[in-house]
Amino acid sequence: MDQSDAPLMEASLEALGDRYNGMAAALFDRFIADHPHYAPAFLNPEAARERMTRETLEAMLGLAAGEWWVEDAVTNFIDLHHNYADFTAHDYAAWFTLVIETMAKRAGTDWPDGASAAWQRQADALVARVGDIARNQEVPVRA
């Protein structure tokens with residue numbers, strides 16, 4: 001596993017710094033604005049948005065670092081989100097891209113060169129895993 005993206009990704013999080021504050025709410029609101037059909041799926045968006053954002057960043061950084069737990073985390077994401085709605089790999093890709101774009105915009109000129117590409121490589125790999133993982137059929141999609 002190529003772990004060369006991890007240091008750059010960590011540096012970009014440091015560059016983001018305090019500008020992370022409020023990012024989760026802005027991301028979630030933007031995602032729902034772009035995908036309004038998913039709004040009813042989240043009964044308590046205030047509880048979901050920070051966790052979704054942090055778990056996304058952890059999974060992408062964990063994948064870049066070659067962490068053993070990432071595969072299980074992706075499987076858990078899929079099963080958990082199917083409790084809400086029938087999210088697709090495309091939906092995950094849209095979320096990941098939104099996270100990366102938002103971090104870069106908030107960090108501004110402090111965002112390291114190549115950081116967005118490093119994050120996107122990990123996002124693409126996670127999306128591929130989402131597409132490869134068979135959903136637990138015991139977890140129903142909420143209607």
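**A salt bridge and the helices around it**

Modeller: Let's start with R129, which forms a salt bridge with E71, their closest N and O atoms being 2.6 Å apart. This pair links distant parts of the chain, since R129 sits in helix α6 and E71 in helix α4, 58 residues apart. A salt bridge here is a side-chain nitrogen of Lys or Arg within 4 Å of a carboxyl oxygen of Asp or Glu. Helices are DSSP runs (H or I, at least four residues), numbered from the N terminus.

Keep in mind that this is a predicted model, where local features need pLDDT of at least 70 and side-chain atom pairs count only at pLDDT 80 or more, while totals for chains, interfaces and linings use all residues. Residues are numbered from 1 along each chain as its sequence is written, and side-chain values use heavy atoms, leaving out hydrogens and water.

How open are the two partners? R129 counts as partly exposed because its relative accessibility is 23%, and E71 is partly exposed too, at 35%. The scale is simple: buried means under 20% relative accessible area, exposed means over 50%, and partly exposed lies in between (1.4 Å probe, protein chains only).

Helix α4 covers residues 70-81, twelve in number, and reaches 16 Å from its first C-alpha to its last, close to the 16 Å expected at 1.5 Å a residue. That expected span is 1.5 Å times one less than the number of residues. The buried residues of α4 are V70, A73, V74, F77, I78, D79 and H81. Look at how some of these positions are spaced: an α-helix has 3.6 residues a turn, so residues three or four places apart point the same way.

What covers the buried residues of α4? The cover includes α3, α5 (89-107) and α6 (115-132).

Let's step across to α5, which has 19 residues and reaches 27 Å from its first C-alpha to its last, close to the 27 Å expected. Its buried residues include Y92, W95, F96 and L98. Their cover includes α1 (5-16), α2 (23-34), α3, α4 and α6.

T53 touches Y20, M23, A24, L27 and W95, not counting residues up to four places away in sequence; contact means heavy atoms within 4.5 Å. T53 is buried because its relative accessible area is 0%.

Notes. Helices (H or I, at least four residues) and strands (E, at least two) are DSSP runs, numbered from the N terminus.
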